[in-house]
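Below are some notes on the model for your review. Please read them with the structure open.

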Amino acid sequence: MEHFFLAVALLFMIGGTLETLLPMIPGIPLVYLGYLIYGFASGWREYGLQTMLWLGLFTILIQVLDFYAGSLGAKRFGASKRGVWGSIIGALLGLIFFSLPGLVVGTFAGALFGEILEGRSLGEGVRSGWGAFLGLLAGSLFRIAAAVAMLGMFLWMVIT
């Protein structure tokens with residue numbers, strides 16, 4: 001029966017890792033869920049509470065950083081508070097109404113629009129929008145790397 005739960009856990013983990021490519025699906029928490037499933041099924045033989053606590057904190061940290069990555073990028077490129085909020089609001093609205101392309105365009109456009117509302121020049125707005133886009137890209141790459149690392153760690157602990 002443990003092999004069945006190992007297969008289920010791996011399905012969650014591989015699915016979660018693949019879903020990190022899609023921003024609207026919480027891939028990292030699904031990878032963490034795979035750890036929980038196998039942990040319960042195996043009696044926590046390969047890893048225990050301390051590992052689960054660290055992975056839980058890591059999962060939360062990745063989710064928070066990923067959510068704010070675009071706004072952090074905008075801030076790094078000199079965005080005002082309105083530019084930062086614009087990038088967050090633009091990302092959410094873009095994602096809700098236009099999926100992945102909307103997320104990318106909304107992050108950039110939100111920062112740009114926020115900067116224009118702040119009274120900054122178009123050039124400053126484009127710079128903030130570019131920073132928001134780069135932050136979003138960096139957050140996405142970090143999320144994918146984190147999922148692959150968590151999957152690799154699981155395989156190393158369970159298979160070796």
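Leaving aside neighbours within four places in sequence, which residues is Tyr38 in contact with?

1. This is a predicted model. In it, Tyr38 is in contact with Glu2, Phe5, Leu6, Ala9, Arg45, Glu46, Tyr47, Phe154 and Val158, once its neighbours within four places in sequence are left aside.

2. Tyr38 also belongs to the largest nonpolar core, which has 20 residues. Together with Tyr35, Tyr47, Met150 and Phe154, Tyr38 is among the members that touch the most others in this core. Two or more core residues come from each of α1 (2-19), α2 (27-42), α3 (49-76) and α5 (122-159). Helix α5 gives the largest share, seven residues.

3. Please look at the backbone of Trp44. This residue sits in the loop between α2 and α3. Its phi is positive, about 60 degrees, although Trp44 is not a glycine. Most residues other than glycine have a negative phi. Is the Trp44 side buried, exposed or partly exposed? Trp44 counts as partly exposed because its relative accessibility is 30%, and the partly exposed class runs between under 20% for buried and over 50% for exposed.

4. Ser99 deserves a look on the backbone as well. Ser99 has a positive phi, near 60 degrees, and is a residue other than glycine. Ser99 lies in helix α4, which covers residues 81-117. With a relative accessible area of 30%, Ser99 is partly exposed.

Conventions. Residues numbered from 1 in each chain as written. Predicted model: local features only at pLDDT ≥ 70, side-chain atom pairs only at ≥ 80, totals over all residues. Heavy atoms only, no water. Core = buried A, V, L, I, M, F, W, Y, C linked by side-chain atoms within 4.5 Å. Buried < 20%, exposed > 50% of the residue type's maximum accessible area, 1.4 Å probe, protein only. Helix = DSSP H or I, 4+ residues; strand = E, 2+ residues; numbered from the N terminus. Contact = heavy atoms within 4.5 Å.
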